[in-house]
Amino acid sequence: MVSLNRDALTEKVFNGERISSDDAIELYRWPLEELGVLANARRDLAKAKSYGGSGREIVTYIVDRNINYTNVCNVYCKFCAFYRTEKDEDHYVLSFEQFDEKLDELSAAGGVQILMQGGHHPKLGLEWYVDLLHHIREKYPHINIHGFSPPEFQHFSETFKMPLREVISKFKEAGLGSIPGGGGEILVDRVRKKISPLKCDSDQWLEVMQIAHELGLKSSATMMFGHVETIEERIEHLQRIRDQQDRSGGFTAFICWTFQPKHTVLRVKNPTGVAEYLRTQALSRIFLDNIENVQSSWVTQGPDIGQVALRYGANDFGSVMMEENVVSSAGTAFRLNAGEIESLIRDAGYEPRRRNNWYELLN
């Protein structure tokens, strides 16, 4: 397929029409400022539908907390500086009492959600997870449990010797409210074999999302880029996400961020810069015409660039994230509270509003 000429492609984007992979390759070559204008037009089209025509003035965020229930993992991804083996002195599994301490702090701060993920622990059984979910749901019914990435669910299915659908169903019955899009990285198996050869493949990642959406669980979609992938493979990743959304319709948001190389086995000659991050986010907004929300990744880019990203298609500033352990293990340590996030949103010319996981406004 041959991409349209410049004027025709511009009109196609402004009209909200679906672009092809060839169109995306062409857009990638355009000046960053032009791409930003097109991405903002797409954002305005998406948000005008949900916020009654005033959505372009609103930027949302959520008050939540990342809780990494264990750092024990047996897939040894080359881009990860967080994982430990059971032989390492600093390996851990959180106790329920430690969960309570974290959730009490979150509740006191007005939080509404935890993002709960861990390593692929080879010895934790189904009962441990089900008991934990029941415990949180019963003691903190106001907190949504946004937990367990697709690779974790594939690991559970194998470890528990249980069909994937049954595992996800049991987790939902116990209190799981939604699923994060972690472990997506790049949904191209050539890339996955290089950076995380022991983790689930692309089809298996998408299989979890298909089943979860069929069971009524919403999820996010992600992309971690700037390592061994090509531009064409980034677009293939976006194509697979868009196709999955066409099938199951359960993605609430898309978040992309750049690979953080510090303290990891995986090395890159030239770490991805700000312009490349903004270009990729803008292109993602244009390509993913069936996903309404795009998050700015201030956690990896820093608050100032997170703010600039609002001019490149993002309508959401992500999370207050009271706790973050995985990305910070790779050398990134940005922190913001709710007041700081709201100031950044206002200074960028938008109205800050708190939301829940389903992008319903809370104030």
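Analyst: Tyr-359 has a relative accessible area of 7%, so this residue counts as buried. The model is a predicted one.

User: Where is Tyr-359 found, and what is its phi?

Analyst: Tyr-359 belongs to the segment after strand 10. Most residues other than glycine have a negative phi. Tyr-359 is not a glycine, yet its phi is positive, at about 65°.

User: Is Lys-161 buried or exposed?

Analyst: Lys-161 sits in the loop between helix 6 (150–160) and helix 7 (164–174). Although not a glycine, Lys-161 has a positive phi of about 55°. Its relative accessibility is 75%, and the cut-off for exposure is over 50%. Lys-161 is therefore exposed.

User: With which side chain does the side chain of Asn-356 make a polar contact?

Analyst: Asn-356 is placed in the segment after strand 10 (351–354). Its relative accessible area is 12%, so Asn-356 is buried. Leaving aside neighbours within four places in sequence, Asn-356 is in contact with Ile-62 and Leu-362. The polar contact of its side chain, at 2.6 Å, is with the side chain of Glu-360.

User: What is the angle at which helix 10 and helix 11 pack?

Analyst: Two packed helices are described by the angle between their axes and the distance between the axes. Helix 10 spans residues 231–248 and helix 11 spans residues 274–287, and their axes are 10 Å apart. The crossing of helix 10 past helix 11 is right-handed. The packing angle is about 35°.

User: Which residues of helix 11 make the contact with helix 10, and how many of the contact residues are nonpolar?

Analyst: Helix 10 contributes Ile-231, Arg-234, Ile-235, Leu-238, Gln-239 and Arg-242. From helix 11 come Glu-276, Thr-280, Leu-283, Ser-284 and Phe-287. By class, three residues in this contact are polar and three are charged, while the nonpolar ones number five.

User: With which residue does Arg-234 form a salt bridge?

Analyst: Arg-234 has a relative accessibility of 8% and so counts as buried. The closest N and O atoms of the pair are 2.8 Å apart, and the partner is Glu-229.

User: What is the N to O distance in the salt bridge of Glu-185 and Lys-199?

Analyst: Glu-185 lies in the loop between strand 5 (178–179) and helix 8 (189–195), and Lys-199 in the loop between helix 8 and helix 9 (202–214), so the pair ties together parts 14 residues apart in sequence. Both residues are buried. Their side chains meet at an N to O distance of 3.1 Å.

User: What percentage of the residues in the protein chain is buried?

Analyst: The secondary structure of the chain comes to 15 helices and ten strands. Of contacts between residues at least 6 apart in sequence, 75% join residues at least 24 apart. Among the 363 residues of the chain, the buried share is 60%.

Methods: Residues are numbered from 1 along each chain as its sequence is written. This is a predicted model: local features need pLDDT of at least 70, side-chain atom pairs count only at pLDDT 80 or more; totals for chains, interfaces and linings use all residues. Side-chain values use heavy atoms; hydrogens and water are left out. Axes are lines fitted to C-alpha atoms, for helices over the stretch in contact, and angles run from 0 to 180 degrees between N-to-C directions. Helices (H or I, at least four residues) and strands (E, at least two) are DSSP runs, numbered from the N terminus. A crossing is left-handed if the near helix is turned anticlockwise from the far one by less than a right angle, and right-handed if clockwise. Contact means heavy atoms within 4.5 Å. Ala, Val, Leu, Ile, Met, Phe, Trp, Tyr, Cys and Pro count as nonpolar, Asp, Glu, Lys and Arg as charged, and the others, Gly among them, as polar. Buried means under 20% relative accessible area, exposed over 50%, partly exposed in between (1.4 Å probe, protein chains only). A polar contact is a pair of N or O atoms within 3.5 Å; within protein, one must be able to donate a hydrogen and the other to accept it, and residues adjacent in sequence count only if both atoms are side-chain atoms. A salt bridge is a side-chain nitrogen of Lys or Arg within 4 Å of a carboxyl oxygen of Asp or Glu.
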